[in-house]
Every structure is written in structure tokens, then in C-alpha cells.
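Here is a short briefing to read alongside your viewer. Take a look at the sequence and the model first.

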Amino acid sequence: MTFLPNDAAMMRKALSLAQEGVGYVSPNPLVGCVIVGQDGKIVGEGAHHQFGGPHAEPNAIADAESNGHTVAGSTAYVTLEPHSHHGKTPPCCDLLIEKRIARCIVAMVDPNPNVSGEGIRRMREAGILVEVGLLEAEARELNRFFIKHITTGLPYLTLKVASSLDGRSALASGESKWITSEASRKMVHKLRAEHDAVMVGTGTARADDPALTVRLVEGRQPRRIVLDPQLQLPHTLSLLTDEYHEKTIVVTSQQTVETGGTQVQWLRQQGVEIIAVPAGDGRLDLNALLKKLGDQGISSIVVEAGPTLAASIVHNKLFDEMQLFVAPLFLGAESRPSIGGLSIHSLASAVRYSYVSIDKVEDSLDFLVRVRV
Ligand SMILES: NC(=O)c1ccc[n+]([C@@H]2O[C@H](COP(=O)([O-])OP(=O)(O)OC[C@H]3O[C@@H](n4cnc5c(N)ncnc54)[C@H](OP(=O)(O)O)[C@@H]3O)[C@@H](O)[C@H]2O)c1
């Protein structure tokens with residue numbers, strides 16, 4: 001790999017352009033592209049903004065050409081290997097070849113196992129000098145939802161919990177609004193806008209009647225998923241009646257759907273999607289659910305979990321990332337724990353995580369603990 005002094009700055013610019021598509025391109029990847037002329041100046045910038053819409057490379061070339069620049073002989077900085085297959089848009093690697101780009105710097109190879117490396121190979125064959133791996137860690141971080149989904153078929157799962165200093169997430173009465181500050185809640189709304197879906201358990205739906213909408217920040221409204229093994233949630237819940245109710249997915253057991261009668265009919269009339277999965281002891285099979293959601297193109301989920309659902313997710317090792325917002329107060333042992341029972345009987349059997357970061361939440365006294373698997 002031979003990178004020039006200017007390359008990293010240009011790739012950083014491309015990575016920041018890619019962010020423009022957050023929430024709008026999935027299950028496609030976030031991609032940014034910068035075209036730099038032979039004098040070292042940026043002539044074109046582009047991003048992938050909309051699922052099914054034009055990709056970053058044609059957008060950057062169009063930007064350059066609309067400003068009177070020819071891109072022949074220039075360098076393209078792309079955050080992901082230009083695609084080589086005919087999908088919703090023609091192959092971007094062919095466009096870069098046709099436009100006689102001289103050098104192409106790629107942050108990361110396409111993780112899609114069916115096409116990985118093909119775009120790079122085609123460009124090299126056509127005489128473009130291709131360098132791969134500049135700011136690769138940043139590019140992989142940016143597209144962590146896409147990478148998980150394309151390589152496993154499963155959504156990336158972020159588990160979000162708000163906790164007191166003593167690890168409590170609600171009073172014994174169920175009251176939990178609000179443990180954390182408005183600044184933390186804003187970050188949670190941002191998480192919602194970034195993920196394809198936001199999920200809650202039955203207990204939280206009953207106790208809080210949450211809207212799970214994006215209100216405190218700008219962004220698109222994700223799908224909403226609520227577990228309801230017995231199909232007994234009240235018809236009055238915001239999730240089933242508000243302006244976004246057609247974006248709600250109710251997850252229940254296969255047996256309940258077969259015998260669910262009027263409740264199934266009512267939900268379907270409301271336009272609410274029902275997903276049925278196997279269940280045992282009133283617990284829905286979350287692995288089966290994640291597989292079904294992944295098959296539907298849902299590439300990321302943030303779970304705003306009560307203690308019972310959080311425990312299931314932790315116990316079954318289902319989260320990719322946990323975001324624990326910790327607020328400066330104690331709620332005491334009579335309150336509800338942030339994570340329910342995990343059946344751990346020896347310290348040796350507790351999972352210790354190898355990636356943990358702690359940051360102060362800006363404009364508040366809360367802090368955010370991030371745990372990655
Ligand atoms: N601080 C926070 O971050 C936060 C976030 C969310 C909620 N909360 C608080 O948490 C409380 C609710 O928590 P909760 O523990 O009672 O309920 P929960 O975790 O929201 O939901 C658990 C329920 O979901 C159903 N479920 C179905 N399949 C499941 C599975 N595989 N694993 C786990 N649950 C499954 C079960 O319902 P059935 O029992 O009906 O079968 C289970 O009891 C409320 O007080 C709420 O305010 C706090």
C-alpha cells in the first residue's frame with residue numbers, strides 16, 4: 001500500500017460524506033466519495049443518500065462535471081470498494097474505468113462474500129492504480145450494521161439500557177421516566193434514527209406505553225417491534241394506534257397466531273405486521289426472530305430493554321454492542337435491576353467483555369458505557 005500525504009485527509013472527507021446517508025440507505029452500505037484533480041484539489045464530492053438511489057461515485061463524478069471539471073486522470077477516494085455487479089444501479093467500478101480515473105483509493109473491500117474484491121480486480125485490470133485499506137478501521141466502524149447483515153444475514157443488535165449508579169433501571173412500581181438526563185435521551189433518539197428498528201418487550205410496552213419515535217433529533221422514523229407472546233397488549237397503546245402504527249411489528253408465538261382469532265384480525269386491520277416465531281415458557285425465540293428480521297432487510301435494531309428482555313439478550317449473547325447510560329443517582333435494592341437474572345453461579349462463568357469505552361454525555365452528568373462483543 002502506498003499512500004500519499006494528502007490521502008488520509010481526503011478519505012476522512014469521504015467518510016464524513018458517507019454519514020449523510022445514515023438511516024436512509026440500509027440495508028445498503030453507507031458510502032462517500034471524493035474526486036481529487038491532478039492539482040490536488042477536490043473537484044467532486046458525493047454520497048449514497050437513499051436506498052435504491054444513485055451511489056456515491058456517480059454522485060461525485062456528476063458533482064465534478066456539473067462544475068465544469070473532467071475527471072480523467074484524477075484520484076477517487078471511496079469508503080467502500082466500488083461495486084461490480086448489476087443491482088439497482090450499474091456497476092460503479094465500470095463508471096470509474098469509463099471516466100478514466102487514474103488512481104482509486106479504497107478504504108475497505110466489499111464484505112459481501114459474493115462480490116468481494118471483484119470491483120478492485122476489474123479496475124486494476126483496466127489500468128487504474130488501486131490502493132486498498134486507508135482508514136479501514138474507521139470505514140468498518142461506519143458500516144458495522146451493513147457488515148454484520150451482509151455476512152451473517154442477521155441484524156446488528158444494540159442493547160440500550162438506562163441505569164442508576166447502583167445498576168437499577170426502574171422503581172419497584174415500574175416508574176422509570178426519567179432516570180437519565182434529556183441529553184442522554186437525545187442520544188437515544190439519535191440511536192433510533194440510526195437503526196432500522198427499535199424493539200421493546202411486553203413489560204415495557206405495558207408499563208410505559210412508549211412511542212419509540214424520533215422526536216428530540218432530526219431523523220427518519222425506524223420500524224417499531226414489540227414482543228407480545230400471548231397477543232394481549234391493549235389496543236390503546238401508542239405503538240398500535242399513533243401515526244406510525246403501520247410501521248409497528250408485533251412479535252408473537254406461532255401457536256398464538258394459529259389460535260389468536262380476533263386480536264390477529266384486529267392487528268391486521270390496523271395494518272400492523274405480525275411475525276410469528278417459536279416460543280417456550282412464554283419466551284419467544286429471539287434467534288428465530290432476528291433471522292426473520294434480517295431476511296426482511298432489517299440490518300440493525302436498537303433494543304430499549306427492560307430487565308427481563310435485557311437478561312435474555314445478554315444470556316443468549318445476542319448483542320453486538322451495549323449502550324449503558326448511567327445517571328448520577330441511587331435507586332436502592334428495592335428497585336428493579338437493569339439486567340434481570342442471568343443464572344450465573346460462579347464468577348468464572350460470567351462473560352467478561354474485551355471492548356469497553358466510557359464517555360461523559362455532553363451537557364449532562366450522565367456517562368455512557370459502551371460494551372462490544
Ligand atoms: N431504564 C431503562 O433503560 C428501561 C428501558 C425499558 C424499560 N424499562 C422499565 O422496565 C420495566 C419493564 O421491564 P420488564 O422486565 O417487566 O419487561 P420487558 O423486559 O420490557 O419485557 C419482558 C417481557 O417480554 C416478553 N418476552 C417474550 N419473549 C421474551 C424473551 N425471549 N425474553 C424476554 N422477554 C420476552 C415476556 O412477556 P410475558 O411475560 O407477557 O410473556 C417478558 O415478560 C418497566 O418498568 C420499564 O419502565 C426501563
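This is a predicted model: local features need pLDDT of at least 70, side-chain atom pairs count only at pLDDT 80 or more; totals for chains, interfaces and linings use all residues.

Residues are numbered from 1 along each chain as its sequence is written. Helices (H or I, at least four residues) and strands (E, at least two) are DSSP runs, numbered from the N terminus.

**Ligand shell**
- Around the ligand there are 28 residues, and Gly 201, Gly 203, Gly 306, Thr 308 and Ser 312 come nearest; a residue counts as near if its C-beta atom, placed from the backbone, lies within 6 Å.
- Two or more shell residues each come from β6 (156-164), β7 (168-170), α8 (202-208), β13 (283-284) and α13 (307-315).
- Helix α8 gives the largest share, five residues.
- The shell holds 13 nonpolar, twelve polar and three charged residues, with Asp, Glu, Lys and Arg as charged, Ala, Val, Leu, Ile, Met, Phe, Trp, Tyr, Cys and Pro as nonpolar, and the others, Gly among them, as polar.

**Helix α7**
- Among the buried residues of α7 are Met 187, Val 188 and Leu 191; buried means that 20 or more other C-beta atoms, placed from the backbone, lie within 10 Å of a residue's own.
- These buried residues of α7 pack against β6, β8 (197-200), β14 (300-304) and β15 (321-327), with contact meaning C-beta atoms, placed from the backbone, within 7 Å.

- Strands β17 (residues 355-360) and β18 (residues 367-372) pair in the antiparallel sense over six bridges; pairing takes at least two DSSP bridges.
- Ser 357 stands opposite Arg 370 in β18.
- Six residues lie between the strands, and Asp 363 takes a positive phi near 60°.
- The count of buried residues in β17 is zero.

Note on methods. A residue is buried if 20 or more other C-beta atoms lie within 10 Å of its own, exposed if 12 or fewer, and partly exposed in between; C-beta atoms are placed from the backbone. Two residues are in contact if their C-beta atoms, placed from the backbone, lie within 7 Å.
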